[in-house]
Amino acid sequence: GIATTSVPTVSNLHLEESIKACAELTTAENEFSSACQYENEGFLWFTGEACTFTYSGTVRAGIDDLSKAEVRINHKHQMITVYMPNVRILDVPTIDPSSIRTIDEQTGWFSSITVDEYSDLLEECCDHAIDRAQENNIISEAEDNAEDIVRDTISSVIAHTEIADYQ
């Protein structure tokens with residue numbers, strides 16, 4: 001008999017499934033260390049309170065829902081185009097609880113810093129961490145890394161197929 005060798009075929013659905021399998025794609029992380037200060041002057045030394053503490057954590061950026069990715073194969077131009085959701089900050093920054101150190105805490109005779117005040121302060125710290133990560137170009141870094149990861153994924157899927165030379 002005659003032996004034939006067939007080249008595997010790949011559809012846009014195969015490519016989409018290979019990308020969507022990731023669900024969430026973290027493509028950049030920005031580690032941070034900072035200090036926060038809280039002050040409520042109150043009435044003289046009776047009700048005033050203040051504290052300063054340091055902390056460390058991580059801000060993550062990437063694509064949170066790759067199930068929305070779409071792939072188009074243009075056979076005429078030998079091109080593969082991938083449409084993905086925008087890169088964004090993925091969640092509230094993670095603050096490592098073991099990194100929190102109180103530098104200074106002062107309370108008045110008739111007051112103390114409440115859990116709610118600490119919680120509000122940590123929320124402000126997280127907002128500050130996101131701002132700093134954005135100033136450090138975490139979004140553009142995450143976009144570049146996402147493109148590289150998706151390009152590598154597509155390349156590995158189409159290797160040894162009839163569209164292996166597509167761009």
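Residues are classed by relative accessible area as buried (under 20%), exposed (over 50%) or partly exposed in between, with a 1.4 Å probe and protein chains only. The model is predicted, so-called local features need pLDDT of at least 70, side-chain atom pairs count only at pLDDT 80 or more, and totals for chains, interfaces and linings use all residues. Residues are numbered from 1 along each chain as its sequence is written, and side-chain values use heavy atoms, with hydrogens and water left out.

The buried residues of α4 are Ile 138, Ala 142, Ala 146, Val 150, Ile 154 and Ile 158. They lie on the same side of α4 because they cover an arc of only 150 degrees around the axis, taken from the directions from the helix axis to the C-beta atoms. Exposed residues Asp 152 and Ser 156 are carried on the face of α4 turned away from its buried side. Just after α4, His 160 takes a positive phi of about 65 degrees.

The largest pocket is lined by 13 residues, and Ile 80, Val 82, Val 150, Arg 151 and Ile 154 lie nearest its centre. Elements giving two or more residues to this lining are β4 (79-83) and α4 (138-158); the largest share, six residues, comes from α4.

Methods: On a 1 Å grid over the protein atoms alone, a cavity is a set of points where a 1.4 Å probe fits but cannot get out, and a pocket is an open set with protein on both sides within 12 Å along at least five of seven lines; lining residues have an atom within 4 Å of a point. Helices (H or I, at least four residues) and strands (E, at least two) are DSSP runs, numbered from the N terminus.
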